[in-house]
Amino acid sequence: MKTTVKLFMAIVALSCAVACGEKSSLPDYLNPEVYVEARIDDAMSRMTLDEKIAIIHAQSKFSSAGVPRLGIPELWTTDGPHGIRPEVLWDEWVQAGWTNDKCVAFPALTALAATWNTDMAALYGKSIGEEARYREKDVLLGPGVNIYRSPLNGRNFEYMGEDPYLASRMVVPYVQGVQRNGVAACVKHYALNNSETFRHTTEPVVDDRTLYEIYLPAFKAAVVEGGAWSIMGAYNLFRGEHACHNDLLLNKILKGEWGFDGAVISDWGGTHDTREAITNGLDLEFGTWTDGLTMGKTNSYDLYHLADAYKKLIESGEYTTKELDDKVRRVLRLMYRTSMNRDKPMGSLVSDEHIAAAYTIGAEGIVLLKNDNNILPINLETTKTIAVIGENAIKMMTIGGGSSSLKVKKEVSPLEGLRKRVGDSAEILYARGYVGDTTSVYKRVDSGQRLADDRSEKELIAEAVDVAKRADVVLYFGGLNKAKRQDCEGTDRESLGLPYSQDKLIAALAEVTDRVVFVNISGNAVAMPWIDSVPAIVQGWYLGSEAGNSLAAVLVGDVNPSGKLPFTFPVQLADTGAHSMGQFSKDGEEYYGEGLLVGYRWNDAKDVAPLFAFGHGLSYTTFEYGEAKINRTTMKQGGEVTITVPVTNTGSRSGKEVVQLYIADREASVMRPEKELKGFVKVELEAGQTKNVEFTVDSSALSYFDDKSHSWVAEAGEFEALIGAAADDIRTSVLFNLK
Ligand code: BGC
């Protein structure tokens, strides 16, 4: 039978089957995955060389061409991980000025990771996928899962923290939630994009074991378990080649070892060499000639590496169409899954559900770091005056920071959220305290705020101190913002300390009252030299559209905090592996000398106490852990053991606790981190209630990556399962043996 006839019959049969709701029991030849491959074969057999070349590179800042002659539409991508970017002009970074492209800003990915709740990741993916779908985007440029290696990385706020296991568990439901909408997730930035300032020229020097154990797992999970349809190459180099056309990362690992069948998309301007782009795994080129992302008006898409230059090399006979056909097949597959997917839902934009999702995820991600004398939650029955101090109480945080900048329908500031929630119950006084970033227009999106203030530091502090003196409690909203050299793409931070003399201001406040609550708005750890004089500390992240409502709910106790840190807060920079034993943010080779000892692995190995540990987070109630029990103390290779621990809510209100399982290899023949996260369960408990939390441990949780055999090895011997409330708060443990 001719392909076209077969195809026709398949389409007819498929339509009947789908109409009868029989999709799940379809025979192979009607299974969309198989059927799509037939459609791709058919399309490829009809496409000319020019048409093939046209679909593997951009045609505008965010779109690539289809094949109009065959009815194949264009492919539209959009940033980013936290919301759908405003429409931009055809070939520029700035917004086009549409009036119907305002979105919901969801909490930044650090906040999502801090929920330690995979249901929240699923809700996030579903909601942002629906927004992307409604805006007719085919590829969402996110989520980001680069590992938090140093608190100075300007882009940490877009990622999911320092631990490969946590990031892996959180990225999978996000990807699946997005893709259920017929929108591809584009997991970024693969791989080792762990600093910003020299992102185009830095070349991390990392050994295989560290690569496989720390920096790759979240990408692998997104691809293998999440089924990601696309992935974005990183800007940096690795072992002599840029990551966007890197034989090892793309051909060998991603497409070889992990069996990735989707498309590799270059980061914007991340393609540098035509021959490498042809052979080393890149499928779709975007953003070339953007000259460090500053230019853009004069792009000439025919000049792209995978455009005329490639065509000439094929015509001259230097390359056959072997590589081209593979790229085209992958791009067409991406299109059949997205732009040409006939089953996709309609999507929705700024729906009540999406606003509610942003609120819930935000509230669940807030981390209560310190709460001496139970100063929080604020008791509105006894509190008459609340002082709100700090620029971050009023500043819009959904603009700025680079490609994740958004144009929102609404953003509730902390001050607004508190005013609304507190109402007439207490008087709220506000003082700015410091002047930080007064930018209000970003890529032509205007926040509408006018933040210029020419008062001197002395005047600002004096006003804040005066307001603090008159209040029963001081809520200080400070931290970082989305300006350059803070939490911002393209630059790294210059120090761990708070900017704009905030330390001085906080110390001045703490002198006049012992009731200061520091709410840190950031995607990064900051130093807190004044920590002993401030009784309560809250990690407030960038929470998006509903920021103020989520924060108010936690501060007054409507929501009992249950977030846990997805990364370590060091006391000082030298307490971080990257800064103690490694190099950070370098032009050229950058040694990851700390190897596996990233985050809490460093604290454990060097016996360095953190300011706040990975996994730390308090609640307005208390939890007690009973003794862990194991179903058998000997585990066979390939087998598993089950560990159970009773957890009781010993306080007077309901709450959620993240019970964490770390595994320690007690008899390793190689260096292994002291302990590594291998499980977590978020459990909800009423006051007085006890639940048994169960963990299943299999050999994957016990393995290390053996670079000699290039495989994961679980060595026979003794292991310990440590269960606790944070990396530095292990409550119970049990030993077992692997045969
Ligand atoms: C960023 C990506 C982003 C792309 C498109 C790049 O500069 O690194 O994360 O998706 O621009 O805006």
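I started at Ser 60, which is found in the loop between helix H3 (49-54) and strand E1 (63-64). Helices (H or I, at least four residues) and strands (E, at least two) are DSSP runs here, numbered from the N terminus. This is a predicted model, where local features need pLDDT of at least 70 and side-chain atom pairs count only at pLDDT 80 or more, while totals for chains, interfaces and linings use all residues. Residues are numbered from 1 along each chain as its sequence is written, and side-chain values use heavy atoms, with hydrogens and water left out.

**Ser 60, continued**

Is Ser 60 buried or exposed? I have it as buried because its relative accessibility is 2%; the cut-offs are under 20% relative accessible area for buried, over 50% for exposed and partly exposed in between (1.4 Å probe, protein chains only). Its side chain makes a polar contact with the side chain of Ser 63 at 2.7 Å. A polar contact is a pair of N or O atoms within 3.5 Å; within protein, one must be able to donate a hydrogen and the other to accept it, and residues adjacent in sequence count only if both atoms are side-chain atoms. Leaving aside neighbours within four places in sequence, I listed Trp 76, Trp 90, Phe 286 and Tyr 301 in contact with Ser 60 (contact means heavy atoms within 4.5 Å).

**Lys 409 and Val 350**

Next I looked up Lys 409, in the loop between strand E11 (385-389) and helix H14 (414-422). Lys 409 counts as exposed because its relative accessible area is 58%. Leaving aside neighbours within four places in sequence, Lys 409 touches Lys 102, Cys 103 and Val 350.

That took me to Val 350, in the loop between helix H12 (322-337) and helix H13 (352-365). Val 350 is buried, at 18% relative accessible area. Its phi is positive, about 45 degrees, although it is not a glycine.

Most residues other than glycine have a negative phi, and most peptide bonds are trans. Trp 116 lies in the loop between helix H4 (109-115) and H5, and is buried at 1% relative accessible area.

**Domain 1 against domain 2**

The chain is divided into domain 1 (355-606) and domain 2 (623-738), with bounds from an automatic or database domain assignment. Their contact takes 13 residues from domain 1 and 17 residues from domain 2. The C-alpha centres of the two domains lie 32 Å apart.

I have about 1200 Å² buried between them, 48% of it from carbon and sulfur atoms. Buried area is the accessible area (1.4 Å probe) that two parts lose on being put together, summed over both. Asn 560, Lys 564 and Tyr 600 supply 41% of what domain 1 buries against domain 2, more than any other three residues.

How many salt bridges are there between the domains? I have five, taking a salt bridge as a side-chain nitrogen of Lys or Arg within 4 Å of a carboxyl oxygen of Asp or Glu. Lys 564 turned up again, its side chain in a salt bridge with that of Glu 657 (3.2 Å, N to O).
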